[in-house]
Amino acid sequence: MNLTLKIWRQAGPDAKGELVTYQVQDISPDMSFLEMLDVLNERLNDEGREPIAFDSDCREGICGMCGLMISGEAHGPEKATTCQLHMRTFTDGDVITVEPWRADPFPVVRDLVVDRGAFDRIIQAGGFISVNTGAAPEAHSSLVPMEHAMRAFQAAECIGCGACVAACPNASAMLFLGAKVTHLGELPQGQPERWGRVVAMLNQHDLEGFGGCQNLGECSYACPKGIPQDVISTLNHDLRKAMAKGR
Amino acid sequence: MTDLIDGLYSLGDPIQDTKAPAGPIDKKWTQRKFEAKLVNPTNRRKLTVIIVGTGLAGASAGATLGEAGYRVKSFCFQDSPRRAHSIAAQGGINAAKNYKEDGDSTYRLFYDTVKGGDYRARETNVYRLAEVSASIIDQCVAQGVPFAREYGGLLDNRSFGGVQVSRTFYARGQTGQQLLIGAYQALERQIAAGTVEMFSRHEMLELVVVDGKARGIIARDLVTGEIQTHYADAVVLASGGYGNVFYLSTNAMGSNVTATWRAHRKGAYFGNPCYTQIHPTCIPVAGEHQSKLTLMSESLRNDGRIWVPKKVEDCEKNPNDIPEEDRDYYLERIYPAFGNLVPRDIASRQAKNVCDEGRGVGPVVGDKRRGVYLDFSEAFGRIGKEAVAAKYDNLFEMYKRITGDDPYEVPMRIYPAVHYTMGGLWVDYDLQSTIPGLFVTGEANFSDHGANRLGASALMQGLADGYFVLPNTIRDYLAAGPFPDIDESTPEVRQARQQVADRVHHFLTVQGTRSVDSYHKELGHIMWEHCGMERTAEGLRTGIDKIRELRADFWRNVRVLGENEQLNQSLEKAGRVADFLELGELICIDALHRRESCGGHFRAESQTEDGEALRHDDEYAYVAAWEFTGTGAEGQIGAPVLHKEDLVYEFIELKQRSYK
Amino acid sequence: MAGTGLLFALFVLAHMYGNLKLLVSEQAYNTYAEHLRTFGVPMLPNSGLLWILRAVLIVALIVHVYAAVTLWARASGARSVRYAVKKAVAQSASSKTMRWGGVFILVFLVWHLLEFTIVKIDVSGKGATGNNPYRLVVDSFQTPWLTLIYVLAMLALYMHLAHGVFSAQQTLGWTSSARTYRQAQIIGHVVAGIVVLGFLIPPLAILVGLVK
């Protein structure tokens with residue numbers, strides 16, 4: 001199939017960017033979206049034009065490194081990461097706009113590459129259980145009821161790709177935050193730090209400049225792992241409790 | 001002992017591990033932990049440790065050393081330490097907990113690992129791995145890793161990858177992700193605490209060796225292009241495997257050998273590079289554009305049955321129209337005891353064999369159909385579709401997304417792909433390489449898996465090394481530190497920086513005609529063709545010639561656009577491919593010199609009458625540790641020197657492996 | 001946002017209940033209006049409770065609008081470079097219109113207060129005054145364009161409440177499971193439906209002449 005691509009090109013963090021139009025021909029429906037970009041980049045390189053910078057690593061939908069806004073949808077129209085989006089989703093003659101994640105806490109590095117360090121800093125604020133290596137008790141010393149284990153797992157599926165922020169009209173990272181708070185808060189091991197964690201992580205979230213939540217649901221819809229909105233409720237619940245405890 | 005053999009390599013002095021204490025195998029690790037010198041807590045903050053890579057082995061080591069109070073500098077080329085490719089491991093992690101009371105023990109895990117590695121691993125290291133395995137599970141559970149559980153709230157286990165006990169802990173099909181996030185969070189906690197300084201989007205391009213000791217690295221800031229020198233008292237490489245030398249593999253796009261290869265060039269011996277594991281359950285190649293291969297957990301083999309049509313003319317048919325009697329469940333036929341659960345190398349080679357016979361299925365790639373069926377219809381009948389879905393639904397979905405076929409309706413197609421590299425930098429019992437102060441952990445070292453790795457053992461080794469082994473052994477070395485200050489006026493530092501700058505300059509100015517990726521693809525093709533699942537002397541020699549030719553052309557004719565002072569992904573790839581082009585030759589030389597079949601290394605000349613791998617323990621029961629020679633000029637390598645480490649089996653009897 | 005929002009939801013429910021007295025009889029409605037003023041007397045002065053409620057509602061309104069404006073401003077600050085193409089794929093009509101719908105309701109509120117509380121505008125020109133609330137209301141809604149304004153406002157209120165009531169439950173952390181989350185969404189629509197239906201019955205009944 002033949003496609004028209006409008007791709008965001010930006011030379012560096014402070015440079016001015018613009019959408020540049022490219023035509024690609026003979027794209028196989030079995031290609032992934034990123035392989036289609038690989039093909040375009042090979043051609044650009046042959047023509048002496050600098051290839052388009054975009055992030056990707058595992059290309060099997062789990063590392064969270066890739067992420068493009070494809071015609072207005074984070075990771076494109078499929079419920080998957082960009083690397084798992086295949087060209088069979090598109091039809092011959094389509095015009096596709098490709099932009100980087102847009103959020104001030106995710107500054108553009110180059111072309112379609114953004115800096116998601118804000119997520120790491122949110123985790124640093126409290127997204128962990130404090131247990132030094134070697135200090136752990138025997139694994140079977142605490143039991144986890146199935147429903148808690150399942151919900152913790154579901155929340156822990158977050159891959160930190162940032163699609164939630166990219167899709168949110170408010171550029172809020174509440175789904176990312178809620179996922180971590182829920183993952184650790186559902187487990188007995190996460191209880192001792194539960195109330196401090198939510199406050200510290202939320203403060204960091206706000207400090208980074210992410211927007212607030214209106215419960216619009218764009219984040220869950222865009223999430224390639226289908227993290228549900230109810231983790232944001234858990235975040236709110238824990239925050240309310242934490243405030244009641246004077247955190 | 002420097003006779004040139006065939007001109008391809010020469011033989012040097014034997015090498016051996018001197019760190020494992022004498023005595024019973026189950027007392028060695030305790031003894032070593034006792035003997036290894038301690039570092040006073042107040043001195044630890046004066047000692048800097050660089051860790052390259054933030055996968056399971058790197059992140060866990062960074063967190064643990066940070067907790068202990070050392071100053072850690074952690075590097076990864078990705079935008080965040082959480083992206084490391086350990087995240088993609090699906091199946092599980094082994095541990096000798098014996099929660100199922102099915103006869104498992106530390107000794108059995110040790111035995112299975114040595115046997116699975118086809119008796120080419122070092123006993124002492126493997127025993128220790130099995131010994132610390134149980135603590136890993138405790139640690140991860142305490143960190144909040146959401147392992148699968150039973151209704152009673154206890155941890156669940158499954159049997160995995162060719163073993164007959166259930167010792168594999170798992171988190172649906174995302175065990176690697178959950179373990180890595182656990183280690184990542186522990187690392188981030190230390191970053192917040194100020195003990196670990198994180199350098200993401202930084203790539204190590206050279207090792208700094210001063211007075212024979214590893215003292216730092218030269219790294220490039222991938223965003224600004226700045227060439228930086230980072231000093232340390234010890235350097236740890238946890239940079240993963242080199243499967244991407246085959247271009248198409250299950251590795252991540254960025255996975256590379258550069259960190260370990262630059263260290264190899266500076267004097268670290270490379271152990272057993274030809275031991276590469278081909279994973280049997282990958283999604284087959286669909287076409288020329290393919291950038292990577294996707295693995296599906298081999299846990300699928302627990303319930304799926306592998307078959308191909310008995311008749312060549314049936315291969316084009318819809319598999320659902322092929323009657324039972326016309327299907328060849330070849331693994332069940334050849335290996336009645338283990339059936340579909342035979343080790344990875346056997347399952348892979350048999351898939352290749354049936355496809356070579358023309359009985360493969362799926363699209364024709366090159367000259368043949370390269371795929372076999374993995375069929376769940378029997379499991380649907382036995383335990384029901386819902387039970388199958390509960391176990392594998394995410395894998396089924398992934399398969400459907402990639403291929404467009406629904407495994408609930410049509411059998412999956414699978415084919416082997418390069419997955420893991422057992423070889424790596426040679427290390428002793430302390431995980432120290434032949435360069436003092438340079439430690440190597442996880443997949444980057446050669447130590448624990450011999451010629452073939454068992455399923456669910458990579459995660460175990462990465463975390464064992466990072467959480468429990470390295471932090472205990474590195475102190476023995478660091479106790480002598482801090483080492484004298486060095487700076488950019490130190491000749492070795494200056495020279496290392498210059499080398500990096502020159503290389504970058506070369507790539508950007510050569511202005512040739514071919515892209516980096518085109519070289520990488522061609523190299524991968526040569527490797528797969530001549531050094532893949534089945535290797536022959538003739539094929540390997542051809543491979544070596546082709547690699548040399550390609551390498552020479554690469555240095556003359558590669559085209560890298562843009563500048564250094566920017567995010568330049570072509571430039572990053574150029575450096576990685578340059579090192580793959582050197583490594584590829586060493587892999588072929590190693591494969592050529594090892595005229596036996598063992599584990600992941602199958603030499604067509606060395607097989608039993610019925611086509612099984614045939615070892616030659618009298619000649620080859622050693623680790624091949626290769627020393628780099630040559631002037632050090634880029635793109636040029638001398639004939640490597642082979643140092644043999646004899647494998648002495650004190651506790652396990654060597655047996656020809658049989659899964660019949 | 002959630003707390004004040006829920007307060008408003010309770011208020012409109014009560015308000016709606018009062019309005020329905022209109023259907024009973026002129027006397028019932030006017031007595032109800034009078035009771036609002038004399039409630040709590042003599043513990044409170046005349047109209048005392050009414051003023052307390054008004055004060056609470058005014059404060060709540062200020063907080064609600066302030067929070068909304070802050071949230072809006074934060075959102076613009078969090079994405080200073082906009083997308084060239086951006087689809088809204090998950091939002092309902094209701095959640096999409098929270099902001100502008102809210103503004104519309106605010107403007108309507110000003111009109112509504114002017115009309116029936118502060119100035120008591122005689123829209124119909126029949127000379128109704130605040131002395132007979134029943135007549136004021138009935139005469140007003142016999143004017144079709146006014147009824148149309150109210151119908152539009154109620155549509156906006158439905159949208160605002162449907163998402164708002166759900167969103168408030170989510171913000172208060174009451175929806176931490178798939179089940180309670182779905183329930184909250186249903187509750188949002190049910191509350192919005194009851195309020196809007198209850199509000200619309202009297203004016204429509206007046207318009208078609210069921211109430212004179």
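**View 1. Surroundings of B:Tyr231 in the predicted model.** In this predicted model, B:Tyr231 touches B:Thr48, B:Arg215, B:Gly216 and B:Ile486, when residues up to four places away in sequence are not counted. B:Tyr231 belongs to strand 11 of chain B, which covers residues 227-231. Is B:Tyr231 buried or exposed? B:Tyr231 has 20 other C-beta atoms within 10 Å, and because a count of 20 or more is what defines a buried residue, B:Tyr231 is classed as buried.

View 2. Strand 9 (residues 202-210) and strand 10 of chain B pair in the antiparallel sense, and 8 bridges link them. Strand 10 of chain B (residues 213-221) is mostly covered, since 7 of its 9 residues are buried.

**View 3. An open parallel sheet in chain B.** In chain B, 5 strands with parallel pairing form an open sheet, and their order is 8-4-3-12-22. Strand 8 (196-199) and strand 22 (438-440) of chain B stand at the edges with a single partner strand each, so one side of each has no neighbour in the sheet. From one strand to the next, the twist averages 20 degrees. Within this sheet, strand 3 (residues 48-52) and strand 12 (residues 234-237) of chain B run parallel and are joined by 4 bridges. B:Ile51 has B:Val236 of strand 12 of chain B as its bridge partner.

**View 4. Nonpolar cores.** Which residues have the most contacts inside the largest nonpolar core? They are A:Cys164, B:Val236 and B:Leu237, in a core that has 283 residues. Helix 17 of chain B (residues 569-593) gives the largest share of this core, 13 residues. Leaving aside neighbours within four places in sequence, B:Leu237 is in contact with several residues, including B:Val52, B:Ala259, B:Leu425, B:Leu438 and B:Val440. A second, separate core has 22 residues, among them C:Met1, C:Ala162, C:Val191 and C:Phe199.

**View 5. Two crossing helices of chain B.** The axes of helix 5 (residues 123-143) and helix 13 (residues 458-478) of chain B come within 9 Å and cross at roughly 85 degrees. That angle makes helix 5 of chain B roughly perpendicular to helix 13 of chain B. Among the residues that make the contact are B:Leu129, B:Val132 and B:Ile136 of helix 5 of chain B, and B:Leu463, B:Tyr467 and B:Phe468 of helix 13 of chain B. By class, the residues of this contact divide into 9 nonpolar, 4 polar and 1 charged.

**View 6. Where the chains meet.** Of the 2 pairs of chains that touch, chains A and B have the most contacts. This contact takes 64 residues from chain A and 60 residues from chain B. Helix 1 of chain A gives the most to the side of chain A that touches chain B, with 6 residues. That side of chain A divides into 29 nonpolar, 18 polar and 17 charged residues. Elsewhere, 31 residues of chain C are in contact with 33 residues of chain A. Helix 3 (48-78), helix 7 (144-171) and helix 8 (178-207) of chain C are the elements that give two or more residues to the side of chain C that touches chain A, and the largest share, 5 residues, comes from helix 3 of chain C. This side of chain C has 15 nonpolar, 11 polar and 5 charged residues. No contact joins chain B and chain C, and their closest C-alpha atoms lie 18 Å apart.

Definitions and conventions
Residues are numbered from 1 along each chain as its sequence is written. Chains are lettered from A and ligands numbered from 1 in the order in which they are written. This is a predicted model: local features need pLDDT of at least 70, side-chain atom pairs count only at pLDDT 80 or more; totals for chains, interfaces and linings use all residues. Two residues are in contact if their C-beta atoms, placed from the backbone, lie within 7 Å. Two strands pair if DSSP finds at least two bridges between them. Axes are lines fitted to C-alpha atoms, for helices over the stretch in contact, and angles run from 0 to 180 degrees between N-to-C directions. Angles under 35 degrees count as roughly parallel, over 145 as roughly antiparallel, 65 to 115 as roughly perpendicular and the rest as oblique. Ala, Val, Leu, Ile, Met, Phe, Trp, Tyr, Cys and Pro count as nonpolar, Asp, Glu, Lys and Arg as charged, and the others, Gly among them, as polar. A residue is buried if 20 or more other C-beta atoms lie within 10 Å of its own, exposed if 12 or fewer, and partly exposed in between; C-beta atoms are placed from the backbone. A nonpolar core is a set of buried Ala, Val, Leu, Ile, Met, Phe, Trp, Tyr and Cys residues joined through C-beta atoms within 7 Å.
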